[in-house]
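Have the picture ready as you read.

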Amino acid sequence: MGRPFLPGSPGHLLYNLLLGTGLVVGAPVWIPWVLLSRKRRANLPDRIGLRGAPRQTPSDGRPTVWVHAVSVGETLAAVPLLHLLRRRVPDARLLVSSVTLTGRETAVKSLSAVTDEGFFFPFDLPGLCGRFLDRVRPDVVVIVETEIWPNFIAACARRGIPVVIVNGRLSKRSFGGYMRFRWFFAPILRTLRTISAQTAEDAERFAALGAPPEIVTVGGNLKFDVSPPETGASALSALLLKEKGAGAAWIVAGSTHDGEEAQLLGAFLSAREGNPSIRLLLAPRHPERFDAVEDLIRREAVSMVRRTAIPEGAEHLPETVLLLDTVGELSGAYAAADLAFVGGSLVPKGGHNVLEPSWHGVPTIVGPHMENFREIADAFLAGDALIRVAGEEELADRLRRFAADPHLFRETGRRAKGLLEMFRGASEASTNAVLSALPGREPRR
């Protein structure tokens with residue numbers, strides 16, 4: 001298979017020569033770039049090994065799995081994998097590292113319940129990576145998506161630590177860039193234990209780049225691999241369904257942010273002029289905004305009720321707008337919806353996950369800002385399974401079309417549900433890839 005990328009190989013020596021030269025020559029630029037940024041200053045001590053990385057005690061028989069997820073998107077993708085690893089290997093030490101501050105914050109929020117510790121990933125400097133590895137002492141390193149750090153991977157190879165890539169992807173553009181330096185990247189890929197790619201096309205690109213075909217598999221996209229939400233029977237969903245049976249058509253706007261509710265209300269009231277049977281449920285993302293959203297609704301002189309003000313055992317909900325001021329009931333509301341809107345997308349907040357309404361087969365609208373869920377949004381848009389609007393005017397147009405025919409977008413919701421069913425299984429495949437590299441742990445077949 002050719003010479004592997006190990007310390008002392010020509011590729012490794014050239015990489016470190018260029019890296020060292022760049023650090024010295026570029027010091028007047030990169031030092032202020034680091035020091036003048038609060039975010040970069042915050043994680044600098046961790047990334048150079050002064051603090052952060054956990055020091056493992058002498059082996060007690062527990063395996064240590066280090067999962068590296070560079071930023072927000074990769075961290076969210078790692079969630080189903082780490083949950084399944086925790087169930088399959090309950091005694092494991094599960095560690096997660098990040099590069100960006102937002103990635104670290106996302107890991108704390110989303111993964112604290114299943115991981116043992118988290119820290120910032122080291123800079124890819126010779127010596128530093130080895131010291132991190134000697135401190136953490138992982139039994140396997142798992143890289144989410146495509147983070148190829150030559151010194152880190154070489155340090156793993158030198159210590160016999162298997163490295164696994166999961167959710168691997170190579171876009172057409174990045175593949176073209178990598179291929180220009182195939183002579184450099186091919187030996188690195190040959191040191192990996194397994195590459196679980198998102199698609200067959202990604203797998204072909206990894207092989208063309210020099211990965212041995214026998215280590216490359218197609219595991220699917222972890223970001224789609226969520227379990228169907230458990231809604232159960234709730235008083236709210238039962239009441240919404242009862243209103244539907246009486247002729248109401250529900251628009252459920254979930255995880256909305258400041259600036260979105262006003263646009264939604266304007267578009268909704270415009271659409272309601274053509275069909276008074278449509279109703280709106282607003283679920284602000286942050287509880288501290290419930291009162292402000294209520295004031296906004298009341299200024300529109302539209303009848304409204306807060307969820308917490310609905311009497312227990314209520315049989316009828318006559319109000320036009322329902323403000324969901326509780327936590328944990330949004331999934332049940334989506335289950336009763338005829339049309340959903342997922343917030344954080346009309347304003348630049350990066351969007352929220354469209355998978356929950358999609359599991360219920362509900363046609364879903366988002367705005368232009370879906371940066372935090374770009375891959376999911378792109379896949380759904382490509383499959384005609386998501387509706388994206390550019391702003392308030394286009395949103396109003398879609399809601400007017402919905403008001404004229406509440407069944408108009410039903411096929412969009414069905415396609416979304418079908419896509420989710422098709423994408424399931426990535427966390428199982430990725431977990432098996434990790435376990436195949438973990439000594440004494442067998443994957444399921």
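For sorting residues by class, Ala, Val, Leu, Ile, Met, Phe, Trp, Tyr, Cys and Pro count as nonpolar, Asp, Glu, Lys and Arg as charged, and the others, Gly among them, as polar. What you see is a predicted model, where local features need pLDDT of at least 70 and side-chain atom pairs count only at pLDDT 80 or more, while totals for chains, interfaces and linings use all residues. Residues are numbered from 1 along each chain as its sequence is written, and side-chain values use heavy atoms, leaving out hydrogens and water.

On a 1 Å grid over the protein atoms alone, a cavity is a set of points where a 1.4 Å probe fits but cannot get out, and a pocket is an open set with protein on both sides within 12 Å along at least five of seven lines; lining residues have an atom within 4 Å of a point. Points are joined across faces, edges and corners, and a volume is the space filled by probe spheres set on them.

By this rule there is one cavity of 30 Å³ or more, and the largest cavity holds about 40 Å³ of space. What classes of residue make up its lining? Nine are nonpolar, with no polar and no charged residues. They are I251, L264, L280, L339, A340, F341, I365, L395 and L399. Helices (H or I, at least four residues) and strands (E, at least two) are DSSP runs, numbered from the N terminus.

The second largest pocket has about 610 Å³ of space. Its lining counts 22 residues, and W33, V34, L44, R47 and F123 lie nearest the centre. By class, that lining splits into 15 nonpolar, three polar and four charged. Helices α1 (10-25), α2 (27-35), α3 (38-47) and α5 (101-111) each supply at least two of the lining residues, with α3 giving the most, five.

Now for the packed parts. A nonpolar core is a set of buried Ala, Val, Leu, Ile, Met, Phe, Trp, Tyr and Cys residues joined through side-chain atoms within 4.5 Å; buried means under 20% relative accessible area, exposed over 50%, and partly exposed in between (1.4 Å probe, protein chains only). The largest such core has 38 residues, and W66, L133, V141, F152, L192 and I195 have the most contacts inside it. Helix α6 (128-136) is one of the elements giving two or more residues to this core, and its share, five residues, is the largest. Another core lies apart from it, with 36 residues, I310, M370, L386 and A416 among them.

A few single residues deserve a stop. E145 sits in the loop between β4 and α7 and has a positive phi of about 70° although it is not a glycine. E145 is also buried, at 3% relative accessible area. S255, in strand β8 (residues 249-256), likewise has a positive phi, about 55°, without being a glycine.

Finally, step back. The chain has 19 helices and 14 strands. Its radius of gyration (taken over C-alpha atoms) is 25 Å, close to the 22 Å from the globule rule (2.2 Å times the number of residues to the power 0.38) for 445 residues, so the chain is as compact as a globular protein of that length.
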